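Welcome, and please take a moment to look at the sequence and the model below.

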Amino acid sequence: MITITINDEIIEVDEQTTVSGLLETRGFPDKGVAVALDWSVLPRSEWDRTLADGVRVEVVTAVQGG
């Protein structure tokens, strides 16, 4: 297990967890989501990357408004 921070919440995940796997298990939608690792935006094409111990993940979802 490794420890990461996601949106200011410290959690433990399996060391084989990918960004996309994390989003899926945490209930984020497939579309309308942006991800940053340690304050750098991560392109969707790199979401198969495994997470490293201590990494900070920020997930932002798009919100429609009027």
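## Charged pairs

Glu 46 is partly exposed, with a relative accessible area of 30%; here buried means under 20% relative accessible area, exposed means over 50%, and partly exposed lies in between, using a 1.4 Å probe and protein chains only. Before going further, please note that this is a predicted model, in which local features need pLDDT of at least 70, side-chain atom pairs count only at pLDDT 80 or more, and totals for chains, interfaces and linings use all residues. Residues are numbered from 1 along each chain as its sequence is written, and side-chain values use heavy atoms, with hydrogens and water left out.

The partner of Glu 46 in a salt bridge is Arg 49, with the closest N and O atoms 2.7 Å apart. A salt bridge here is a side-chain nitrogen of Lys or Arg within 4 Å of a carboxyl oxygen of Asp or Glu. Arg 49 also counts as partly exposed, at 38% relative accessibility. By this rule the model has 4 salt bridges, and the table gives some of them.

| Salt bridge | N to O distance |
|---|---|
| Arg 56 and Asp 8 | 2.2 Å |
| Glu 46 and Arg 49 | 2.7 Å |
| Arg 56 and Glu 58 | 3.0 Å |

What does the pair of Arg 56 and Asp 8 tie together? Arg 56 and Asp 8 meet through their side chains in a salt bridge. Arg 56 lies in strand β5 and Asp 8 in the loop between β1 and β2, so the pair links parts that are 48 residues apart in sequence. Asp 8 is exposed, at a relative accessible area of 58%, while Arg 56 is partly exposed at 22%. Through shared partners, salt bridges join Asp 8, Arg 56 and Glu 58 into one network.

## The sheet

Now for the strands. Helices (H or I, at least four residues) and strands (E, at least two) are DSSP runs, numbered from the N terminus. Two strands pair if DSSP finds at least two bridges between them. Strands of a sheet pair through backbone hydrogen bonds, either parallel or antiparallel.

In this model 5 strands form an open sheet in the order β2-β1-β5-β3-β4, with mixed pairing. At the edges are β2 and β4 (40–41), each of which pairs on one side only. Strand β1 (residues 2–6) is antiparallel to β2 (residues 9–13), and the two pair over 5 bridges. Along this pairing, Ile 2 has Val 13 in β2 as its bridge partner, and Ile 4 stands opposite Ile 11 in β2. The hairpin of β1 and β2 has 2 residues between the strands, and there Asn 7 takes a positive phi near 50 degrees.

## Two loop residues

Is Leu 42 buried or exposed? Leu 42, in the loop between β4 and β5 (56–61), counts as buried at 7% relative accessibility. Leaving aside neighbours within four places in sequence, Leu 42 is in contact (heavy atoms within 4.5 Å) with Val 19, Val 35, Ala 36, Leu 37, Trp 47 and Arg 49. From C-alpha to C-alpha, Leu 42 and Val 57 are 9.8 Å apart in space and 15 residues apart in sequence.

Phe 28 sits in the loop between α1 (19–25) and β3 (33–37). Not counting residues up to four places away in sequence, Phe 28 touches Ile 6, Asn 7, Leu 23, Val 59 and Thr 61. Thr 18 is 10 residues from Phe 28 in sequence, and their C-alpha atoms are 14 Å apart in space.
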